[in-house]
Amino acid sequence: MISRDITIQTSRFFLRPLTVSDATEKYLGWMKEDSVAKYIAAASDTQSLASLEAYILEKSTKDDCLFLGVFDRINAEHIGNIKYEPICFNHKEAVMGVLLGDSNWRGKNVFNEIFLASQQWLLDTYSIQVIMLGVDRSNAAAIRAYEKAGFSIDFVADNDDSSALKMVFTI
């Protein structure tokens with residue numbers, strides 16, 4: 001079972017489990033942005049505060065999910081999320097998703113900072129050694145950020161029906 005009483009600190013941010021009280025109009029607005037909806041699967045299902053609250057509640061009660069909000073350390077402003085789900089404790093691996101909702105923080109090396117800190121916490125706490133993610137091959141900025149953090153492309157779909165790449169980070 002995932003610990004819910006955690007805070008992960010980085011130089012600019014703190015990460016903590018999201019709660020229903022984090023479902024705000026600002027957060028909901030991120031889910032409605034075209035640039036987010038294009039790449040975040042949950043965006044189409046979270047179009048109201050009630051559905052966003054339900055989504056957060058669902059993720060926060062799962063034994064194989066670590067759903068963290070990313071908050072600016074200076075003003076505690078919620079700027080995004082990083083989620084590990086599912087976490088397979090037996091195989092020491094997890095699937096990751098990330099949303100940098102606040103556009104003011106995009107392009108400022110946020111992903112590298114929050115990923116490395118949260119990945120280290122998962123390694124130290126649960127011995128998670130492999131992190132996987134899927135990314136749309138047209139999302140060049142995300143692919144560059146993932147590669148900068150140490151991910152490599154593991155699988156490229158070889159048909160025209162899929163635009164997804166599988167990327168893997170291994171300790």
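**Close-up views of a predicted model**

**View 1. Helix H4, its span and its burial.** Helix H4 comprises 17 residues and extends 24 Å from its first C-alpha to its last, close to the 24 Å expected at 1.5 Å a residue. In this predicted model, the helix is mostly covered, since 12 of its 17 residues are buried. Among these buried residues are the nonpolar Val110, Phe111, Ile114, Phe115, Trp121 and Leu122, and the list also takes in Asn112, Glu113, Ser118 and Gln119. Directly after H4 comes Ser127, whose phi is positive and lies near 60°.

**View 2. The largest nonpolar core.** This core contains 35 residues, and those with the most contacts inside it are Tyr84, Met96, Phe115, Ile131 and Phe151. Two or more residues each come from strands S2 (13–17), S3 (66–72), S4 (78–88), S5 (93–100), S6 (130–136) and S8 (164–170), as well as from helices H4 (110–126) and H5 (140–148). Helix H4 gives the most to this core, contributing 8 residues. In soluble globular proteins, nonpolar side chains tend to be buried together.

**View 3. The surroundings of Tyr84.** When residues up to four places away in sequence are not counted, Tyr84 touches Asp64, Cys65 and Leu66, together with Ala94, Val95 and Met96.

View 4. A second, separate core of 16 residues includes Ala23, Val36, Cys65 and Leu99. Val36 is found in helix H2 (residues 34–37) and has a relative accessible area of 4%, so this residue is buried. Leaving aside neighbours within four places in sequence, Val36 is in contact with Trp30, Met31, Leu99 and Arg106. Val36 and Gly101 stand 7.6 Å apart in space, C-alpha to C-alpha, although 65 residues separate them in sequence.

**View 5. The packing of helices H1 and H3.** Two packed helices are described by the angle between their axes and the distance between the axes. Helix H1 (residues 25–32) packs against helix H3 (residues 49–60) at an angle of about 95°, and their axes are 10 Å apart. The angle falls within 65 to 115 degrees, and H1 is therefore roughly perpendicular to H3. At this contact, Glu25, Tyr27 and Leu28 of H1 meet Leu49, Leu52 and Ile56 of H3. The residues of the contact divide into 5 nonpolar, no polar and 1 charged.

Definitions and conventions. Residues are numbered from 1 along each chain as its sequence is written. This is a predicted model: local features need pLDDT of at least 70, side-chain atom pairs count only at pLDDT 80 or more; totals for chains, interfaces and linings use all residues. Side-chain values use heavy atoms; hydrogens and water are left out. A nonpolar core is a set of buried Ala, Val, Leu, Ile, Met, Phe, Trp, Tyr and Cys residues joined through side-chain atoms within 4.5 Å. Buried means under 20% relative accessible area, exposed over 50%, partly exposed in between (1.4 Å probe, protein chains only). Helices (H or I, at least four residues) and strands (E, at least two) are DSSP runs, numbered from the N terminus. Contact means heavy atoms within 4.5 Å. Axes are lines fitted to C-alpha atoms, for helices over the stretch in contact, and angles run from 0 to 180 degrees between N-to-C directions. Angles under 35 degrees count as roughly parallel, over 145 as roughly antiparallel, 65 to 115 as roughly perpendicular and the rest as oblique. The expected span of a helix is 1.5 Å times one less than its number of residues.
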